[in-house]
Amino acid sequence: MRKSATVPLALLYAALIVYASLYPFEGWRAVGIAPWSFFLTPLPRYWTAFDVLTNFAGYAPLGFLLGLALRERRSSLWMLGGAAGIAAVLSFTLEALQTYIPQRVPSNLDWLLNVAGALAGAGLAWVLARLGWLRRWQRIRARWAVEEVRAGWILLALWPVGLLFPSAVPFGLGQVFERLELATVRWLTGTPLLEWLPLRETELEPLLPSAEMATVVFALLAPSLLACLVVRRPLDRWLLAWFFLLVGTGVTALSAALSYGPQHAWAWLTPPVLAGMLAAAGLIVILVLLPRRAAAGVLLLALAWELSLINRAPLDPYLAQTLQTWEQGRFVRFHGLAQWVGWLWPYAVLAYVLTDLARRDPPMTREVG
């Protein structure tokens, strides 16, 4: 029997909500009031459309996933009530904890919007189930998907989330080396261990246009080749790869609009980036024909090259200022949902592919003679 990905996806999404709600996890202090007091205050008189939308939309996917997970075990009533109840408890707990974080303000309106979003997501799952679309999806998945590839589908679903967080090169995920270096220096400052670190003596230089193009190519090939590992037929692989190419383009434009303003939604589409996108689209036509093991090998190479290139790119001052906007401004709600996914997604795919290859290799036998 095929294992559903809804439960691990729901748990992962809930963990990201926890991170986004409690970031930056510092400055905790007692304020002399009960943490549940926010719930008994009048509804706030002033609010913004952005806050309403983010609080509602942030919990809708959680409600949808919880509804699907509960549908596999319980009745339709459990889909709606169970999903809304779990979301209500989670949101209440996080809003109460925000009482102790100076940068966060607990709100009963936020709690109501969170529960409403989760209920709407669970309602969508219920409607899809009643219309029979979920059964149709299960039949399509049985025809498309390779057995036991739940982790692969989860990674594919997370790829657009990682693209929401601004990066030095469009589609370039996994840029962690410079941050790790700076964090390690801060931790070890004043200790003799600092002298043992192989620190860089020069600043990182901006990537050449050819290197930027190559980064885009390898970054876009990663989800396309991952699709080859979870889908059987070449035509279905091609459709899935193109679907994620279009979704990635739209999410990158959304990230630019959120970061720099709607008028700059397509400013990232420079000649090197466009050339890389076209090259990746052409290569997809050929790579979808590869056998599964060959596609896994090419995916490992693409990830290695992409990580090597993206970690040579510096964070330019304008991008660093934008990241400060994400981390300290109203985009903090998206911070936990996108930053860690964008940092860790390529490394998670590497681990998944290596584990999958090791599991499918036949055991070695010793010939006795």
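**Entry 1: a crossing to start with**

Helix 8 covers residues 209-230, and helix 11 covers residues 292-310. The two pack at an angle of about 150°, with their axes 8 Å apart. Here axes are lines fitted to C-alpha atoms, for helices over the stretch in contact, and angles run from 0 to 180 degrees between N-to-C directions. That angle makes helix 8 roughly antiparallel to helix 11 (under 35 degrees counts as roughly parallel, over 145 as roughly antiparallel, 65 to 115 as roughly perpendicular, and the rest as oblique).

**Entry 2: what I am looking at**

I note for myself that this is a predicted model, in which local features need pLDDT of at least 70 and side-chain atom pairs count only at pLDDT 80 or more, while totals for chains, interfaces and linings use all residues. Residues are numbered from 1 along each chain as its sequence is written, and side-chain values use heavy atoms, with hydrogens and water left out.

How many helices and strands does the protein have? I found 13 helices and 0 strands, where helices (H or I, at least four residues) and strands (E, at least two) are DSSP runs, numbered from the N terminus. Of the 369 residues in the protein, 47% are buried. Buried means under 20% relative accessible area, exposed means over 50%, and partly exposed lies in between (1.4 Å probe, protein chains only).

**Entry 3: another helix pair**

Next I looked up helix 1 (residues 6-22) and helix 6, whose axes come within 10 Å and cross at roughly 40°. That makes helix 1 oblique to helix 6. The crossing of this pair is right-handed.

**Entry 4: helix 4 from end to end**

I followed helix 4 along residues 108-130. Its 23 residues reach 33 Å from the first C-alpha to the last, close to the 33 Å expected at 1.5 Å a residue (the expected span is 1.5 Å times one less than the number of residues). What caps the N-terminal end of helix 4? Ser 107 does, with a side-chain oxygen 3.1 Å from the backbone nitrogen of Leu 109. Past the other end, just after helix 4, I came to Gly 132, which takes a positive phi of about 85°.

**Entry 5: salt bridges**

I searched the whole structure for salt bridges and got 2; the term stands for a side-chain nitrogen of Lys or Arg within 4 Å of a carboxyl oxygen of Asp or Glu.

One joins Asp 356 to Arg 292, with the closest N and O atoms 2.8 Å apart. This pair links distant parts of the chain, since Asp 356 sits in helix 13 (residues 332-360) and Arg 292 in helix 11, 64 residues apart. Are these two partners buried or exposed? Asp 356 is buried at 2% relative accessibility, and Arg 292 counts as buried at 17%.

Another joins Arg 233 to Asp 236, with the closest N and O atoms 3.0 Å apart. Arg 233 is partly exposed at 41% relative accessibility, whereas Asp 236 is buried at 3%.

**Entry 6: the loop between helix 6 and helix 7**

I then went to the loop between helix 6 (150-163) and helix 7 (177-188), where Gln 175 lies. Gln 175 is buried, with a relative accessible area of 7%. Which backbone oxygen does the side chain of Gln 175 reach at 2.6 Å? It is that of Ala 313. A polar atom of the Gln 175 side chain also lies 3.5 Å from the backbone oxygen of Ile 310.

Phe 171 lies in this loop too. Its phi is near 70°, a positive value in a residue other than glycine, and Phe 171 is buried at 2% relative accessibility.

Ala 168 is also in the loop, but partly exposed at 24%. The C-alpha atoms of Ala 168 and Asn 311 are separated by 9.4 Å, although the two are 143 residues apart along the chain.

**Entry 7: a last residue**

I finished in helix 10 (residues 271-287), which holds Met 277. Met 277 is buried at 12% relative accessibility. Its C-alpha atom is 9.7 Å from that of Phe 218, a residue 59 positions away along the chain.

Technical notes: A polar contact is a pair of N or O atoms within 3.5 Å; within protein, one must be able to donate a hydrogen and the other to accept it, and residues adjacent in sequence count only if both atoms are side-chain atoms. A crossing is left-handed if the near helix is turned anticlockwise from the far one by less than a right angle, and right-handed if clockwise.
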